[in-house]
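Reader: I have a model open and want to learn how to read it. Can you take me through it feature by feature?

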Amino acid sequence: QWQFVESGGGLVQPGGSLRLSCEVSGFNLEPYAVGWFRQVPGKEHEGVSCSLKDGTTHYADSVKGRFTISRDNDKNTVWLQMNSLLPEDTAKYYCAAGALVLAWYWGQSPPYENDHWGQGTQVTVSS
């Protein structure tokens, strides 16, 4: 059973930073693409960033230059460093792996079918 446990969210002022973590269990992360998605109430999940198994990383235009994804396959953990946060970054953030991430990377639009969404971690950017 694939499980994702996201943490690290919180309330931060515009321009601030947060580092999100995702602990993965139930499978070995190494052979898979892994990514971060976010969702605001009433909207579909939106792709934010991904890391492919070959080390390639990809970012949504809205976060490019501000967010950085990283992974440690030995620890089965993924991180998202978020700098220069904007109010429009406010959302619940989720991590995911496998075909779903590749679908976003290859340009598929929402909605994304996924049986393994975790509980997510809320990020609120507000003064």
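**Reading the model**

Author: Buried means under 20% relative accessible area, exposed over 50%, and partly exposed in between (1.4 Å probe, protein chains only). This is a predicted model, where local features need pLDDT of at least 70, side-chain atom pairs count only at pLDDT 80 or more, and totals for chains, interfaces and linings use all residues. Residues are numbered from 1 along each chain as its sequence is written, and side-chain values use heavy atoms, with hydrogens and water left out.

Reader: Where is N76 found?

Author: Elements come first: helices (H or I, at least four residues) and strands (E, at least two) are DSSP runs, numbered from the N terminus. N76 is in the loop between β7 (67-72) and β8 (77-82).

Reader: Which residues is N76 in contact with, leaving aside its neighbours within four places in sequence?

Author: Contact means heavy atoms within 4.5 Å. On that basis N76 touches C22, E23, V24, F27, N28 and L29.

Reader: F27 is on that list. Is F27 buried or exposed?

Author: F27 is buried, at 11% relative accessibility.

Reader: How many aromatic pairs does a search of the whole structure find?

Author: Rings of Phe, Tyr and Trp (its six-membered ring) pair if their centres lie within 6.5 Å; planes under 30 degrees apart are stacked, over 60 edge-to-face, the rest tilted. The search finds nine pairs. Take W2 and F27: their ring centres are 3.9 Å apart and their planes at 20°, so the pair is stacked. W2 lies in the segment before β1 (3-7) and F27 in the loop between β3 (18-25) and β4, so the pair ties together parts 25 residues apart in sequence. F27 also pairs with Y32: centres 5.4 Å apart, planes at 90°, so edge-to-face. W2 is partly exposed at 22%, and Y32 is partly exposed at 30%.

Reader: Which residues do ring pairs link into a cluster?

Author: F37, Y94, W104, Y112 and W117.

Reader: How do β4 and β9 pair?

Author: Two strands pair if DSSP finds at least two bridges between them. β4 (residues 34-39) and β9 (residues 91-97) have six, in the antiparallel sense.

Reader: What is the strand order in the open sheet?

Author: Six strands run β2-β10-β9-β4-β5-β6, with mixed pairing. β2 (10-12) and β6 (57-59) stand at the edges with a single partner strand each, so one side of each lacks a neighbour in the sheet.
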